[in-house]
Amino acid sequence: VALSTGLGTDPLNIGFGSSAFDALADQSDPFLRREAVKVAVIRVLTADPRVRRILEIRMNDDPVASDQRRDEMSLTVVFDTILEERASIDVEGIPNG
């Protein structure tokens, strides 16, 4: 839920949420936008006490892997939990531009 909630939009917990929406609105450079979204996701997951370690973050619009610009990005995050289990989150439909 935190990934789909704007940072500071919950009046009862202003530290809850993600700054990814700000990155999408504020960054005009595609590379900086991608990196800012990654950082926002890392901040959300590292703030969650159930997450032990983030192992990998992949985005589908990697310019090295594709010669075409896509209208939407998707993101996959792989992490370990404090229960020593591997988990992943897929976020699709992130506007790209």
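This is a predicted model: local features need pLDDT of at least 70, side-chain atom pairs count only at pLDDT 80 or more; totals for chains, interfaces and linings use all residues.
**Exercise 1. Find which residues of helix 2 are buried, and explain why they can be said to line one face.**

Step 1. Start with the helix itself. Helix 2 takes in residues 30–47, 18 residues in all, and its first and last C-alpha atoms are 26 Å apart, close to the 26 Å expected at 1.5 Å a residue.

Step 2. List what's buried: Arg-33, Arg-34, Val-37, Lys-38, Ala-40, Val-41, Val-44 and Leu-45.

Step 3. Look down the axis of helix 2: those buried residues fall within an arc of 160°, so they line one face of the helix.

Step 4. Check the other side. Turned away from the buried side are the exposed residues Phe-31, Arg-43, Thr-46 and Ala-47.

**Exercise 2. Take apart the largest nonpolar core: which residues make it up, and which element gives the largest share?**

Step 1. Collect the members. The core has 11 residues: Val-37, Val-41, Leu-45, Val-51, Ile-57, Met-59, Met-73, Leu-75, Val-77, Phe-79 and Ile-94.

Step 2. Sort by element. Helix 2, strand 1 and strand 2 each give two or more residues to this core, and the largest share, four residues, comes from strand 2.

Step 3. Follow one member. Setting aside residues up to four places away in sequence, Leu-45 touches Val-51, Ile-54, Val-77, Phe-79 and Ile-89.

**Exercise 3. Describe the setting of Asp-80: is it buried or exposed, and which side chains does it join in polar contacts?**

Step 1. Asp-80 belongs to strand 2. Its relative accessible area is 7%, so it counts as buried.

Step 2. Its side chain has a polar contact of 2.6 Å with the side chain of Arg-53, plus one of 2.9 Å with that of Arg-86.

Step 3. Widen the view to contacts in general. Leaving out residues up to four places away in sequence, Asp-80 touches Arg-50, Val-51, Arg-52, Arg-53, Leu-55, Glu-85 and Arg-86.

**Exercise 4. Locate Glu-84, and say what its phi is near.**

Step 1. Glu-84 is in the loop between strand 2 and strand 3 (86–95). With a relative accessible area of 55%, Glu-84 is exposed.

Step 2. Its phi is near 65°, a positive value in a residue other than glycine. For background, most residues other than glycine have a negative phi.

Step 3. Arg-52 and Glu-84 are 32 residues apart in sequence, with 8.1 Å between their C-alpha atoms.

Step 4. Finish with the contacts of Arg-52: not counting residues up to four places away in sequence, Arg-52 touches Asp-80, Thr-81, Ile-82 and Glu-84.

Key:
Residues are numbered from 1 along each chain as its sequence is written. Side-chain values use heavy atoms; hydrogens and water are left out. The expected span of a helix is 1.5 Å times one less than its number of residues. Buried means under 20% relative accessible area, exposed over 50%, partly exposed in between (1.4 Å probe, protein chains only). The arc is that of the directions from the helix axis to the C-beta atoms. A polar contact is a pair of N or O atoms within 3.5 Å; within protein, one must be able to donate a hydrogen and the other to accept it, and residues adjacent in sequence count only if both atoms are side-chain atoms. Contact means heavy atoms within 4.5 Å. A nonpolar core is a set of buried Ala, Val, Leu, Ile, Met, Phe, Trp, Tyr and Cys residues joined through side-chain atoms within 4.5 Å.
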